[in-house]
Amino acid sequence: MTDLLDELTAGAREDARARQELISLSQAEAAAAAALPARDAMAALAPSARVKIIAEVKRASPSRGDLAEIPDPSRHAALYEQGGASAISVLTEGRRFKGSLDDLTSVRDTVSVPVLRKDFISTPYQLFEARAAGADIILLIVAALDQKTLTELYQLATDLGMTTLVEAHTEDELKRSFDIGARLVGVNARNLKTFELDRNLFGRLAPLYPEGVIRVAESAVSTADDVAHYRAASADVVLVGEALVTNDPISTLHDFLAV
């Protein structure tokens, strides 16, 4: 079976190298340093009496193909903010998800909540370009990185003022997340190596979270019942993509936030 995560990570790295031919590492570093300060994602996503939602701008995925055209990501993100989302996730991977860094920049310029760059990040260059484009949060997927690289990228993101959402799929990956000091940690119900879903994975792993770490449940959300399922399993935050791009975003968010 093809390892989709390896394929996606390698493709994202290749695309970043192509961008680096046009904008050098030193130029990306300078642009990151000149960018407006990152917004405080930890405050925005802090546990509260109600579940919080990270709403995702997502045109397509390897598992479902095309989902929505989304010609104007900034308008879509504005609806998310209007609907009550605490942060906006923007898919910037172009090959299989049809996203771009331009999508991220347009969203960041439009909304006032923190914005997450959702991509397959494995190099420092991708962090500098993320900050330069306005990312407040970046995603690091434990399964795609060895511990040395994970640690170095996490530290660099922190030095750049960004919050890191560290994503795990197993007990060992969760432990690796906590070992680097991650305080915003997600469990993805979708295995990114096979793209199979396990809706109950978050609930099995949630008891392993230490005090003070924000618990994020990702994937397998179609209805308000799915959000309630994660909330009952102690999720502080739920990341939602497909359900918000294939339905009315405002009314769907209202339903999800009412659980």
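Guide: This is a predicted model. In the largest pocket, β6 (137–141), β10 (237–240) and α11 (242–245) each give at least two residues to the lining.

Visitor: How much space lies in that largest pocket?
Guide: About 460 Å³. It has 30 lining residues, and the closest to the centre are Glu 56, Lys 58, Arg 190, Ser 219 and Ala 220.

Visitor: And what's the lining of the largest pocket like by class?
Guide: You get 13 nonpolar, eight polar and nine charged residues.

Visitor: OK, what about the second largest pocket, how much space is there?
Guide: That one holds about 160 Å³. Its lining includes Arg 19, Gln 27, Leu 101 and Tyr 125. Two or more lining residues come from each of α1 (4–22), α2 (25–34) and α6 (124–132). By class, the second largest pocket is lined by eight nonpolar, one polar and two charged residues.

Visitor: Where do Phe 178 and Tyr 209 lie?
Guide: Phe 178 is in helix α8 (residues 171–179), while Tyr 209 is in the loop between α9 (201–205) and β9 (214–218), so the pair ties together parts 31 residues apart in sequence.

Visitor: Is Tyr 209 buried or exposed?
Guide: Buried, because its relative accessibility is 5% and the cut-off for buried is under 20%. Phe 202 is buried too.

Visitor: What links Phe 202 into a cluster?
Guide: Ring pairs, which join Phe 202 with Phe 178, Tyr 209 and Tyr 230.

How values were computed
Residues are numbered from 1 along each chain as its sequence is written. This is a predicted model: local features need pLDDT of at least 70, side-chain atom pairs count only at pLDDT 80 or more; totals for chains, interfaces and linings use all residues. Side-chain values use heavy atoms; hydrogens and water are left out. On a 1 Å grid over the protein atoms alone, a cavity is a set of points where a 1.4 Å probe fits but cannot get out, and a pocket is an open set with protein on both sides within 12 Å along at least five of seven lines; lining residues have an atom within 4 Å of a point. Grid points are joined across faces, edges and corners, and a volume is the space filled by probe spheres set on the points. Helices (H or I, at least four residues) and strands (E, at least two) are DSSP runs, numbered from the N terminus. Ala, Val, Leu, Ile, Met, Phe, Trp, Tyr, Cys and Pro count as nonpolar, Asp, Glu, Lys and Arg as charged, and the others, Gly among them, as polar. Buried means under 20% relative accessible area, exposed over 50%, partly exposed in between (1.4 Å probe, protein chains only). Rings of Phe, Tyr and Trp (its six-membered ring) pair if their centres lie within 6.5 Å; planes under 30 degrees apart count as stacked, over 60 as edge-to-face and the rest as tilted.
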